[in-house]
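Me: Got a model to go through. Can you walk me through the ligand site and some helix packing?

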Amino acid sequence: MPIWGGTNHQHGPAGHAGPTAPTRPRLTYFAGWGLAEQARWVMAACGVEWDQTSLSRHEEFVALRDGGVLTFGQLPLLEVDGLRLVQSQAIVRYVARRGGLVGVDDAEGATIDMVAEAVRDARSGLSSYPFSDDGPTHASQCRARLLGKQLPYLEAVLRRGGGSVVPSGLSYADVLIAEMLDGYVGMLGPGLLDDLPWLKALRDRVLALEGVASYLSSTRRHPFPGGDVGRAYVANVNAVLHGK
Ligand SMILES: N[C@@H](CCC(=O)N[C@@H](CS)C(=O)NCC(=O)O)C(=O)O
């Protein structure tokens with residue numbers, strides 16, 4: 001994968017002259033999926049290589065939080081070219097802007113952001129799943145909500161866009177749709193997309209992107225945490241955040 005392209009965001013020392021080599025972003029989160037996964041997929045779709053710090057001890061989190069590194073005391077954190085960004089959606093948008101996945105004009109950009117917000121709504125059942133007390137009930141409620149409402153609307157968006165959210169081509173909202181579908185297929189099974197051909201085609205298209213395929217087949221990949229993986233993930237999150 002190429003290193004991050006485009007213009008560098010300069011926060012370097014005053015008087016610094018000339019272009020610099022692009023810096024590899026560093027993403028700090030837990031050794032898991034959660035709120036960092038969308039940023040990982042968008043970086044992969046942009047062909048960006050990144051470094052990862054996966055916190056495993058409470059002391060590491062406290063040091064970042066109390067050291068003022070985390071603007072709102074929360075993870076994930078993306079550091080690049082002297083910039084420290086938290087809030088997962090801001091991270092996703094920053095990456096997408098630098099990677100050219102934000103459409104060709106303001107109207108497309110707004111449409112892409114709108115769909116990304118709808119994905120955030122639809123994805124909430126996914127991110128809360130590992131933390132739910134009753135997995136099967138949670139999953140069947142998600143299925144009903146997805147098939148009854150959320151996925152048909154997204155299917156119509158893709159049909160209108162000719163296969164992607166906006167007509168000019170792939171955007172970060174398409175990547176977020178694919179990431180969400182990948183998680184829900186993991187939770188609910190591949191039949192989820194049987195009657196949703198536009199969504200299925202988009203998912204296949206994003207999975208086939210070189211950077212995404214390479215990330216998904218790498219050992220850095222954190223699959224959707226169901227079952228024992230989910231329980232281990234929740235235990236790790238609690239240990240890091242709360243020291244218990
Ligand atoms: N809106 C934030 C939520 C971030 C968030 O809740 N992060 C959790 C970990 S997944 C956290 O750091 N919690 C620690 C705390 O709130 O003290 C985002 O999207 O990044």
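Me: What should I know about the model and its values?
Reply: This is a predicted model, where local features need pLDDT of at least 70, side-chain atom pairs count only at pLDDT 80 or more, and totals for chains, interfaces and linings use all residues. Residues are numbered from 1 along each chain as its sequence is written, and side-chain values use heavy atoms, with hydrogens and water left out.

Me: Which residues surround the ligand?
Reply: Y29, F30, L35, F61, G73, Q74, L75, P76, Q87, S88 and L241. Each has a heavy atom within 4 Å of the ligand.

Me: Which polar backbone atom is 2.8 Å from a ligand nitrogen?
Reply: One of L75. A ligand nitrogen also lies 2.7 Å from a side-chain N or O of Q87. For S88, a side-chain N or O is 2.6 Å from a ligand oxygen.

Me: Switching to helices. At what angle do helix 1 and helix 3 cross?
Reply: Roughly 5 degrees, and the axes of helix 1 (residues 37–45) and helix 3 (residues 88–99) come within 9 Å. So helix 1 is roughly parallel to helix 3 (angles under 35 degrees count as such).

Me: Which residues meet there?
Reply: Q38, A39, V42 and M43 of helix 1 meet Q89, I91, V92, V95 and A96 of helix 3 (heavy atoms within 4.5 Å). By class, that is seven nonpolar, two polar and no charged residues.

Me: And what about helix 4 and helix 6?
Reply: Helix 4 (residues 106–127) packs on helix 6 (residues 172–188) at about 15 degrees, with axes 9 Å apart. Therefore helix 4 is roughly parallel to helix 6.

Methods. Axes are lines fitted to C-alpha atoms, for helices over the stretch in contact, and angles run from 0 to 180 degrees between N-to-C directions. Helices (H or I, at least four residues) and strands (E, at least two) are DSSP runs, numbered from the N terminus. Angles under 35 degrees count as roughly parallel, over 145 as roughly antiparallel, 65 to 115 as roughly perpendicular and the rest as oblique. A polar contact is a pair of N or O atoms within 3.5 Å; within protein, one must be able to donate a hydrogen and the other to accept it, and residues adjacent in sequence count only if both atoms are side-chain atoms. Ala, Val, Leu, Ile, Met, Phe, Trp, Tyr, Cys and Pro count as nonpolar, Asp, Glu, Lys and Arg as charged, and the others, Gly among them, as polar.
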